[in-house]
Amino acid sequence: MESVRSDAAPTAGESALTVKILVAGGFGVGKTTLVSAVSEIRPLRTEEALTEKSIGIDDTTAVASKTTTTVAMDFGRITLPNGLVLFVFGTPGQDRFWFMWDELAKGALGAVVLVDTRRLADCFASVDYFERRGVPFIIGVNRFDGAGHHTHEQVRDALDLPPEIPVITCDVRDREDAKRVLITLVEHIMRSMSRV
Amino acid sequence: MDREDGHAPPEGANGAGGAGGTAWYDDAAGPVVRPYALTGGRTHYDGVEFDLVALIITADAPGPDDAHPGPQWVPEPEHGMILELCRTPLSVVEIASDLELPLGVVRVLLGDLLDHSLIQVRRPAPVAQFPSERVLKEVIDGIRAL
């Protein structure tokens with residue numbers, strides 16, 4: 001796996017060294033903010049139209065009543081100084097769009113699950129999903145003004161996390177903090193590899 | 001009233017759906033219908049799978065006489081927009097975002113372009129299945145250096 005230099009004429013099928021990290025969590029927990037904090041471009045948004053095939057695998061009662069259903073996801077791109085391109089995707093806020101999650105999770109290095117301790121249950125679905133798929137993840141407790149101060153142990157207990165999964169507090173608006181979150185995730189991935 | 005501008009009367013405008021008289025779409029379908037008109041109604045490309053982060057690069061112009069057999073292909077303006085965008089490599093998801101089109105539509109359009117050898121595709125390296133420690137270290141160093 002060599003890094004691909006952009007000056008070389010690309011040939012079809014050649015691998016580009018791009019890596020993908022996901023940011024998940026409940027609505028309004030700060031996913032897009034985290035993506036913006038580290039992205040070199042303003043976060044982009046892409047949408048996928050929901051087709052018949054996509055729905056029906058999950059609760060569609062809420063979908064049926066809507067005239068138009070699109071799934072939006074925000075993402076950012078970071079070209080690392082060594083030429084690697086890192087994509088950070090915010091997962092669609094609504095948990096029923098699992099089909100989009102599957103596409104996002106495919107080939108992803110790992111995930112950050114953002115948690116608002118006032119609405120801890122919002123992240124259960126994400127945690128569940130990554131555990132089942134075997135996607136390495138960490139918990140980022142976003143620091144909200146006025147949020148009750150839960151200890152990491154309380155969060156860990158509530159989510160029933162194994163001890164090796166890092167739980168860190170962060171302010172996703174802060175670029176350095178956002179970087180620290182991503183680094184913590186990648187370090188966690190490295191440790192989980194060496195355990196295998 | 002003359003109709004020499006060629007516009008069909010409104011009541012006939014949705015006749016493209018064919019016989020039967022039952023409209024296959026209604027208000028509930030919303031604007032979802034429109035983007036797929038670009039693709040002639042196709043929602044899927046049967047060739048390679050375009051990964052979200054695969055890079056698309058506009059190919060060097062093919063020889064003019066290297067005509068493709070079969071019926072003449074009439075590209076949509078969006079095909080040209082993709083070729084314009086991808087003079088510098090761009091990921092599938094960024095193309096969709098730039099053109100403000102659903103991913104599914106962009107994938108069909110990319111399939112057309114690939115079929116006509118107008119683009120090249122660089123798949124993302126399969127780092128996730130077996131990420132090497134070296135790559136992960138590079139990612140960490142890269143993020144630190146931001």
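In chain B of this predicted model, helix 3 (residues 92–99) packs against helix 4 (residues 103–115) at an angle of about 110°, the two axes lying 9 Å apart. Because angles of 65 to 115 degrees count as roughly perpendicular, helix 3 of chain B is classed as roughly perpendicular to helix 4 of chain B. The crossing of these two helices of chain B is right-handed. From helix 3 of chain B, the contact draws on Val92(B), Ile95(B), Ala96(B) and Leu99(B), which meet Leu103(B), Val106(B) and Leu110(B) of helix 4 of chain B. Sorted by class, the residues of this contact comprise seven nonpolar, no polar and no charged.

On the side of helix 1 of chain A, the contact is formed by Leu34(A), Ala37(A) and Val38(A), while helix 6 of chain A contributes Arg175(A), Ala178(A), Lys179(A), Val181(A) and Leu182(A). The residues of this contact in chain A divide into six nonpolar, no polar and two charged.

Of the 196 residues of chain A, 43% count as buried. When contacts in chain A between residues at least 6 apart in sequence are considered, 72% of them join residues at least 24 apart.

A word on confidence is in order. The model as a whole scores ipTM 0.77 and pTM 0.75. The average pLDDT of chain B is 76, with 66% of the residues scoring at least 70. Within chain B, confidence is highest in helix 2 (residues 77–85), at a mean of 95, and lowest in helix 1 (residues 33–37), at 67. Two stretches of chain B call for particular care. Over residues 1–21 of chain B the pLDDT is below 50, and this stretch has four contacts in the model beyond near neighbours in sequence. Residues 29–33 of chain B likewise have a pLDDT below 50, with six contacts in the model beyond near neighbours in sequence. Where pLDDT is low, predicted coordinates should not be read in detail.

Note on methods:
Residues numbered from 1 in each chain as written. Chains lettered and ligands numbered in written order. Predicted model: local features only at pLDDT ≥ 70, side-chain atom pairs only at ≥ 80, totals over all residues. Contact = placed C-beta atoms within 7 Å. Helix = DSSP H or I, 4+ residues; strand = E, 2+ residues; numbered from the N terminus. Nonpolar A, V, L, I, M, F, W, Y, C, P; charged D, E, K, R; others polar. pLDDT = per-residue confidence, 0-100. Buried ≥ 20, exposed ≤ 12 C-beta atoms within 10 Å, placed from the backbone. Axes fitted to C-alpha atoms, helices over the stretch in contact; angles between N-to-C directions. Parallel < 35°, antiparallel > 145°, perpendicular 65-115°, else oblique. Left-handed = near helix turned anticlockwise from the far one by under 90°.
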